[in-house]
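User: Could you walk me through reading strand pairing and a chain–chain contact?

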Amino acid sequence: MMDGAAAARFPEASARALGDENLQAALRLLGEGFQARRTDAVERFAAFEDARDAAVAAKTRTLRHLDRHLETFEARCREHGGVVHWAETPADARQIVLELLTDRGVRVLSKGKTMVAEEIGLNGFLEANGIEVIETDLGEYIIQLAEEAPSHIIVPAIHKTMPQVADLFRQHHDQTGAELFPRRTPADLVAEARAVLRGRFLEADAGLTGANFLVAETGSSVIVTNEGNGDLTQTLPQLHIVLATIEKVVPTLADGAAILRVLARSATGQDMSAYTTVSTGPRRPSDVDGPAEYHVVLVDNGRSRLLGTPAEEVLRCIRCGACMNHCPVYGAVGGHAYGWVYPGPIGAALTPALLGVETARHLPNASSLCGRCEEVCPMRIPLPKIFRYWREQEHAARLNSGRMRLGLAIWGWLAARPRLYRLATGAAMRVLSRLAGRSRRFRSLFLASGWTQSRDFPAPAGRTFLNSWKQRS
Amino acid sequence: MSVPGSESGRGRVGLFVTCLADLFRPSVAWASVRLLEQAGFEVTVPDRQTCCGQPAYNAGDLPTARRVARGILDAFEPFDYVVAPSGSCAGMLRLHLGRLFESEPDTATRAEQLARRTHELTEFLVDVAGWTGVAASFPHRVTYHDSCSSLREMAVRDQPRALMAQVQGLELVELGDRDVCCGFGGTFCVKYPDISTKMVSDKTAAIAATGAETVLAGDLGCLLNIAGRLAREGRPVACRHVAEVLAGTNGTDPIVPVGP
């Protein structure tokens with residue numbers, strides 16, 4: 001399980017990430033890859049802004065009566081032969097999944113990509129209880145081999161370079177007996193992973209997937225993938241478990257379609273993902289394949305507490321990853337520095353809600369509030385506004401540094417007293433200007449080392465404008 | 001005071017100087033006064049102004065931000081327009097001031113009225129004044145940095161370019177990744193100096209790639225950050241606020257003089 005406390009160590013972790021050359025090389029691909037592809041997809045689709053509005057409206061309507069839609073989902077799911085389980089905490093969710101598996105003697109579980117499983121620490125828990133977990137999404141598979149956590153919500157192994165992946169495959173595949181490839185190109189690596197995973201799909205006694213959304217009116221779960229691994233995970237074994245958080249429900253299939261219109265475009269720049277799969281209950285007599293049992297585990301883990309607060313808009317998130325693909329801070333430090341499951345802007349908005357401001361207070365501060373995330377968010381989540389909300393909570397709880405508080409207090413006291421402010425700043429600027437001499441800059445400056453470690457500090461002109469203006473008029 | 005060639009009587013503008021222009025670079029404020037007068041407005045500089053309150057607001061210190069905001073409301077109420085040579089400060093006044101007074105309806109109304117009259121300088125000159133009278137010459141290759149708040153809060157992108165196009169001899173070369181932040185972000189740049197350094201270094205590299213002699217922008221925060229980094233890297237690129245070039249007051253040195 002990812003240690004939530006790592007979120008508190010963002011300052012150190014981000015500094016390390018900036019010095020990690022492999023990581024920096026991997027992150028350089030964000031700009032030319034994801035950003036350019038999203039831009040193209042949006043330009044190709046003239047109605048993108050309308051589609052955004054429709055998706056936002058669908059999700060906003062859902063959240064207004066979330067309880068009702070969840071109850072409808074449960075009723076419909078049951079009508080189709082499925083079972084819904086309610087989990088308030090990560091521990092509840094882990095226990096429910098474990099019992100479903102052990103009651104049926106499951107030893108091997110195949111698994112599609114799900115961030116909720118990361119959130120509740122499922123893999124480690126199941127393995128400690130004697131169940132082998134096989135990640136079937138290529139990126140998740142790579143980081144499982146590396147024994148690492150995902151660093152991105154749709155590209156979990158984005159921090160790995162191709163040679164690093166080839167190394168991992170060399171260590172882990174040579175003994176499997178599966179067909180091996182030269183490992184010279186990404187295509188070689190994909191082919192080799194596919195050859196190894198094909199065998200493993202058949203070994204699994206149960207499959208677990210997440211859900212991109214749940215449809216209340218039909219009781220269905222929907223996943224989108226590009227590898228088809230999700231379909232094998234949920235149709236081959238006898239037991240299919242869907243793990244989803246409560247805000248994933250939407251009232252109707254049409255609402256789900258509204259989300260699909262913006263999801264892949266925002267995420268990978270595709271018009272649609274390669275596979276969009278709707279699962280409704282277990283296999284029916286007329287079906288050619290499918291699981292004998294279909295269970296949905298609905299996890300709250302703090303979501304219901306967010307409803308009605310200024311941070312509730314994060315619940316509109318459809319996990320496309322556009323915010324992190326476009327965030328200059330994520331682009332500089334990658335996902336692991338954020339220390340928990342959700343990195344980037346959405347992580348900075350969501351993690352304080354789930355782990356507490358005390359633990360996660362650095363994340364919403366690590367933003368220049370540039371707003372690029374909000375600009376590309378298909379669900380128009382006002383991320384900078386939510387960062388400010390967490391900063392307000394942090395300040396009110398006196399969790400920020402004493403130096404910052406003192407600085408703000410002195411500055412605020414002065415700024416509310418224009419005459420005194422004029423005298424004080426006038427004197428300070430005069431002194432600074434003289435000290436700067438003819439170079440008109442400081443290479444280092446008392447109390448400003450954060451600035452001057454990498455930048456010269458430009459000297460002020462000397463006389464302030466307002467002091468000059470007074471004499472002029 | 002009046003400037004030769006100015007029209008008159010188009011309305012009263014209260015100049016929101018911004019704390020950075022006031023303290024670091026008065027030439028930006030002088031240039032703003034000159035431009036607004038050339039465009040035919042009567043300019044007043046209320047002497048009770050200090051700062052827009054963003055340092056407190058963005059640090060989550062709402063009581064302090066509120067205290068500063070009350071001063072702004074009092075100082076700027078009498079004017080037809082409030083104009084700031086900064087997208088960031090104008091954005092604070094237009095989009096955030098009202099939020100500070102959610103529990104005081106009367107003050108919130110005053111804040112909303114102020115918000116409607118608030119403009120960023122280039123946006124005001126182009127969209128409100130419809131002014132096309134730039135009489136300046138700047139025979140240099142320049143590039144332009146869009147501040148995030150200008151771009152995303154104030155929808156300022158074409159306006160400075162429309163004005164720069166009227167400057168004689170000015171050749172504009174657009175930046176690569178021009179919608180990406182320079183890493184200033186107010187206190188962000190000192191709270192996370194390493195990340196900020198990475199961001200500003202990407203920006204200065206993009207600036208260097210244009211081959212421009214001068215980088216212009218509409219926000220002094222970004223400019224101080226970029227100028228500081230360019231100077232540290234020893235790159236011979238001058239930094240100026242776009243208002244200085246538009247007003248033709250190029251006699252002042254750039255933000256950090258180019259050279260050792």
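Analyst: Happy to. Two strands pair if DSSP finds at least two bridges between them. Keep in mind that this is a predicted model. Here, strand S1 (residues 12–15) of chain B pairs with strand S3 (residues 81–84) of chain B in the parallel sense, over three bridges. Within that pairing, Val13(B) stands opposite Tyr81(B) in S3(B).

User: Which strand is joined to S3(B) by three bridges and runs parallel to S3(B), with residues 118–120?

Analyst: That is strand S4 of chain B. For a residue to look at, Val83(B) stands opposite His119(B) in S4(B).

User: Now the interface. How many residues does the contact take from chain B and from chain A?

Analyst: Chain B gives 65 residues and chain A gives 62 residues. The area buried between the two chains is about 5,600 Å², and carbon and sulfur atoms give 63% of that.

User: How many salt bridges does the rule find across the interface of chain B and chain A?

Analyst: The rule asks for a side-chain nitrogen of Lys or Arg within 4 Å of a carboxyl oxygen of Asp or Glu. Five salt bridges are found between chain B and chain A. One of them links Glu375(A) with Arg152(B), whose closest N and O atoms are 3.2 Å apart.

User: Which helix gives the most to the side of chain B that touches chain A?

Analyst: H11(B) does, with eight residues. By residue class, that side of chain B divides into 37 nonpolar, 14 polar and 14 charged residues.

Conventions:
Residues numbered from 1 in each chain as written. Chains lettered and ligands numbered in written order. Predicted model: local features only at pLDDT ≥ 70, side-chain atom pairs only at ≥ 80, totals over all residues. Heavy atoms only, no water. Contact = heavy atoms within 4.5 Å. Buried area = accessible area lost by both parts, 1.4 Å probe. Helix = DSSP H or I, 4+ residues; strand = E, 2+ residues; numbered from the N terminus. Nonpolar A, V, L, I, M, F, W, Y, C, P; charged D, E, K, R; others polar.
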